[in-house]
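Please open the model in your viewer and keep the sequence panel beside it.

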Amino acid sequence: MVSDGGHIITSTNPSGHHSARRDKKSNAATGASAAGVRAFGSQALAFYFRAPAKAFFRTRVDYLAFARAINPRVQAQESWSLRLTTPALLAHAIRTHGWSFIPAHVLPPLLANVGIGAVLYTSYLQILGVLHPPSSRSLKRVYPPPPHSSTFTAGFAAGTIQSLIAAPLDALSVRFRTSDILSKRYTNMWSYSSQKLREIGPRGVFAGFGINCLKDSLGYGLFFMTFEFVKAQGYYRFVAMYYGDLLRGDLLSPILKPRLEESGGSGSVDVIRPHYAIEPVFLGLAGVAASVAQQTVAHPVGRVQEIHHRSLEYLDREARKEQSRGQMLRTYLAAYRRTWEICGARARKMGVGWRGWLFKGFWWGTIKLVPSTAAGLVIFEFVRKRYGVEVEEVRIEEDGYDILLT
C-alpha cells in the first residue's frame, strides 16, 4: 500500500515466481517487436512526408542508399514527384537489377536497424529491472512505477550500449558515397561493408564516437524518462484527480464517464473503473513527449555532428599511418577543436548565437520524427503488456470507494 498525493494506492502482487529465463525472453521479444515496428512503420510514413525514411527514424544505415545512387531522377536532382517515393525507387531498382536487389542492398540495412533497435529496448528493460526490481517481474502494470532516476539511468546506459554496438554501422553510413556505387567499386551492401571496414580499421570505426555516444546516451535517457513519467505517473495522477470526488459534477465529463459498480443494490458505489480511452491517450502523449525530449539533445548535437563528419576522411588517413596511441589521441582532439571553431564561426555568421544556430529547424525536425517514434513506443508498451503477468491490480482508494486500474 502506497500513498500518492493524498490518495492511497494498493497493488496486489502476482502469485508465483518467474524464472530469469522467462523475463529475459520477454524483454528480448518486446525489444525486437518494438524495434521492428519503428523501423518498418517509419518507412511507411515516408510517402506521407515526402522525404527519405531516415528523416523520421534515426536509422543507422539508409536502406535506400543504393536505390538512390542508381536512380537517374535522383542524380538529376529533380523536384519531388511520385517517381521519387520509396515504392518508385525500389521498383526502378528491381527492374534494373532484378529481385536480387532486395536481399543484396535493402535487407541488410533493414536487419541492422532492427537489430540495433532491439539492443536498445532490450538493454533498457534489463537495466531498468536491476535498478527497479518490480520492473523485472514482467508485470502488465508495474506499481510503484520506476522513479525518474532509474528510468533516466537505464535509458542513458541503453543508449551508450546501442552507440557502442552501432559504431561500425555509423562509420559505414557517414562514409557512404554515391560515386563509389556508380563506379561499381562495391557490388552490394555486403561488399561495401566488408571492404570499407577493412579500409578504415578499428580507429576509423570509432572516429567521432564521442559525439555519437553523447547524443545517444543523453537523448535516450531523456527519452525513456519522459515516456515512463507521462505514461505512468501522469496517468495515475490524472485519474486520481479526475475521479477523486464523485460529488463534483464538473469532473465527470459525459465523454469520460467511468463504470460504476455498486454493492448489493445499496446505491453506494464501491468501485469505479476509469474510461477505457484515458490510458491509450496518455500512452500516445507519452510517445510525443518522449520524442520532443530526445530531440532537445539529438538535434543540437546532430548539428555539430554533421560538421565533424567532414573531418573523417582526414582522420582515416591519419589512422592508417604508423602513429602511437598518444599521437592519434591528439589528432582526434584537434579534430574536435576544429569542429568547435567551425560551429562557432557559423553561429556568429548567422548572428543568432550558439543557441539559435544549434536549434535551427528544431520544431520541423521534431514534427517529422514524432509519428513513427510515438507509434514505436505505443507498440513497445503493448507488447510489454502482452508478455506481462495478468494477476495484478492497482486500486486508488477514496472515501468509500476504489478507483480500479486493470
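**Starting in helix α16**

Begin by selecting isoleucine 379, whose place is in helix α16, where helices (H or I, at least four residues) and strands (E, at least two) are DSSP runs numbered from the N terminus. This is a predicted model, in which local features need pLDDT of at least 70 and side-chain atom pairs count only at pLDDT 80 or more, while totals for chains, interfaces and linings use all residues. Residues are numbered from 1 along each chain as its sequence is written, and side-chain values use heavy atoms, with hydrogens and water left out.

At 26% relative accessibility, isoleucine 379 counts as partly exposed; here buried means under 20% relative accessible area, exposed over 50%, and partly exposed in between, with a 1.4 Å probe and protein chains only.

**The whole chain**

Now colour by secondary structure, which shows 16 helices and six strands in the chain. Of the 406 residues, 49% are buried. Taking contact to mean heavy atoms within 4.5 Å, residues 24 or more positions apart account for 74% of the contacts in the chain with a separation of 6 or more.

**The nonpolar cores**

A nonpolar core is a set of buried Ala, Val, Leu, Ile, Met, Phe, Trp, Tyr and Cys residues joined through side-chain atoms within 4.5 Å. Which residues touch the most other members of the largest core? Select Tyr124, Phe224, Phe227, Tyr235, Tyr243, Leu377 and Phe380, which hold that place among its 30 residues. At least two residues of this core are supplied by each of α6 (101-131), α7 (148-165), α11 (209-242), α12 (278-308), α16 (362-386) and β6 (401-405), and the largest share, ten residues, comes from α11. A second, separate core of 16 residues can be selected next, with Tyr63, Phe66, Leu90 and Val106 included in it.

Return to tyrosine 235 and display its surroundings: leaving aside neighbours within four places in sequence, tyrosine 235 is in contact with Arg141, Val230, Pro274, Ile278, Glu279, Phe282 and Leu405.

**Along helix α11**

Phenylalanine 209 is found in helix α11 and is partly exposed, with a relative accessible area of 21%. Not counting residues up to four places away in sequence, phenylalanine 209 touches Ser163, Leu164, Ala167 and Tyr336. Its C-alpha atom is separated by 9.1 Å from that of alanine 171, 38 residues apart along the chain.

Asparagine 212 also lies in helix α11, and asparagine 212 is buried at a relative accessible area of 9%. Which side chain does the side chain of asparagine 212 meet in a polar contact? The partner is the side chain of aspartate 170, at 3.0 Å; a polar contact is a pair of N or O atoms within 3.5 Å, of which, within protein, one must be able to donate a hydrogen and the other to accept it, and residues adjacent in sequence count only if both atoms are side-chain atoms.

Further along, phenylalanine 223 lies in helix α11 and is buried, with a relative accessible area of 0%. Select alanine 289 with it, 66 residues apart along the chain, and the C-alpha separation is 8.3 Å.

**The α6 and α7 pair**

Residues making the contact include Ile116, Tyr124 and Leu131 of α6 and Ser150, Ala157 and Ile165 of α7.

**Last stops**

Alanine 347 is found in helix α14 (residues 325-350) and, at 3% relative accessibility, counts as buried. Beyond residues up to four places away in sequence, alanine 347 touches Val352, Gly353, Trp354 and Trp357, and the C-alpha atoms of alanine 347 and tryptophan 357, ten residues apart along the chain, are separated by 5.3 Å.

Finish with glutamine 77, placed in the loop between α4 (72-75) and α5 (86-97). Glutamine 77 has a positive phi of about 55 degrees although it is not a glycine, and is exposed, with a relative accessible area of 72%.
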